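Here's a walk through one model, strand by strand. Have the sequence and the 3D view open as you read.

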Amino acid sequence: MFLPQQQTYHKLLASPFPCPLGPEWYQVRVELTVTDVNDNIPEWSMVPAPYLAVVSPDATGGSQVYKLSARDGDEGLNGEVEYFLSDGGDGRFEVDRKSGQIRTTGLPLQRDREYLLTVVAADGLGSRSAPAIISVVAGARPPQFTNASFTIAIPENTPEGQP
Ligand SMILES: [Ca+2]
Ligand SMILES: [Ca+2]
């Protein structure tokens with residue numbers, strides 16, 4: 001079921017200036033409409049869970065390890081998501097605040113060690129997601145089974161031979 005964004009109406013009574021004709025103040029009624037309230041926190045949208053990644057123990061700094069992704073159902077700043085590393089990784093990993101990309105920092109990785117990174121996402125007003133744990137193994141790890149089927153939609157009026 002679709003629920004429209006909750007609307008909140010604030011009614012304020014203000015007296016912005018004195019009446020020049022006497023001590024009475026004008027009563028001015030101001031009505032503001034707030035079209036969105038920040039009633040959602042970012043929710044992780046990576047699949048599958050648990051969040052497992054591998055990195056070469058010989059990876060240089062800046063190597064991409066994992067891409068975080070979270071959605072926030074609010075509008076504007078209330079729904080803008082940024083990503084943070086809150087714990088773990090011994091300084092070997094960093095999170096791009098805007099893109100959510102986890103990268104290596106260039107400090108040496110210990111072969112076959114599992115690094116557990118605790119990450120959070122926050123919206124533009126600072127409302128935080130639940131923390132997520134990303135497991136990064138510096139070496140080989142058994143394959144993770146995923147749903148390997150996906151669908152590609154092609155408009156039916158696409159001319160033949162076009163990509
Ligand atoms: Ca929000
Ligand atoms: Ca909202």
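In E10, Tyr-83 has Ala-121 as its bridge partner. Glu-82 stands opposite Ala-122 in E10. On names: strands are DSSP runs of E with at least two residues, numbered from the N terminus, and two strands count as paired if DSSP finds at least two bridges between them.

These strands belong to an open sheet of four, ordered E4-E11-E10-E7, with mixed pairing. Strand E4 (51–55) and strand E7 (82–87) are the edges, each pairing on one side only. Neighbouring strands here are turned by 35° against each other on average, direction ignored; the axes behind that angle are lines fitted to C-alpha atoms, and angles run from 0 to 180 degrees between N-to-C directions. E10 is also joined to strand E11 (residues 132–138), by six bridges and antiparallel. Thr-118 has Ile-133 as its bridge partner in E11.

## How to read the model

This is a predicted model, where local features need pLDDT of at least 70 and side-chain atom pairs count only at pLDDT 80 or more, while totals for chains, interfaces and linings use all residues. Residues are numbered from 1 along each chain as its sequence is written, with chains lettered from A and ligands numbered from 1 in the order in which they are written.

## The three-stranded sheet

There's another open sheet, made of three strands in the order E5-E9-E8, with antiparallel pairing. E5 and E8 stand at the edges with a single partner strand each, so one side of each has no neighbour in the sheet. The twist averages 25° from one strand to the next. E8 and E9 run antiparallel and are joined by three bridges; Val-95 has Ile-102 as its bridge partner in E9.

## The core

The largest nonpolar core has 18 residues, and those with the most contacts inside it are Leu-68, Ile-102, Val-119 and Val-136. Such a core is a set of buried Ala, Val, Leu, Ile, Met, Phe, Trp, Tyr and Cys residues joined through C-beta atoms within 7 Å. Buried means 20 or more other C-beta atoms within 10 Å of a residue's own, exposed means 12 or fewer, and partly exposed is in between, with C-beta atoms placed from the backbone.

Strand E5 (64–67), E8, E10 and E11 each give two or more residues to this core, and the largest share, four residues, comes from E10. Leaving aside neighbours within four places in sequence, Leu-68 is in contact (C-beta atoms within 7 Å) with Met-46, Tyr-83, Val-95, Gly-100, Ile-102, Val-119 and Ala-121.

Most residues other than glycine have a negative phi, and most peptide bonds are trans. Which peptide bond involving Val-47 is cis? The one joining Val-47 and Pro-48, with omega about -10°. The bond from Ala-49 to Pro-50 is cis as well, with omega near 0°. Pro-48 lies in the loop between strand E3 (43–44) and E4, and Pro-50 is found in the loop between E3 and E4.

Asp-90 isn't a glycine, yet has a positive phi of about 50°. Asp-90 sits in the loop between E7 and strand E8 (93–95), and counts as exposed because 11 C-beta neighbours lie inside 10 Å. Asp-112 is also not a glycine and has a positive phi of about 65°. The loop between strand E9 (101–104) and E10 holds Asp-112, which is exposed, with 11 other C-beta atoms within 10 Å.

Key:
Contact = placed C-beta atoms within 7 Å.
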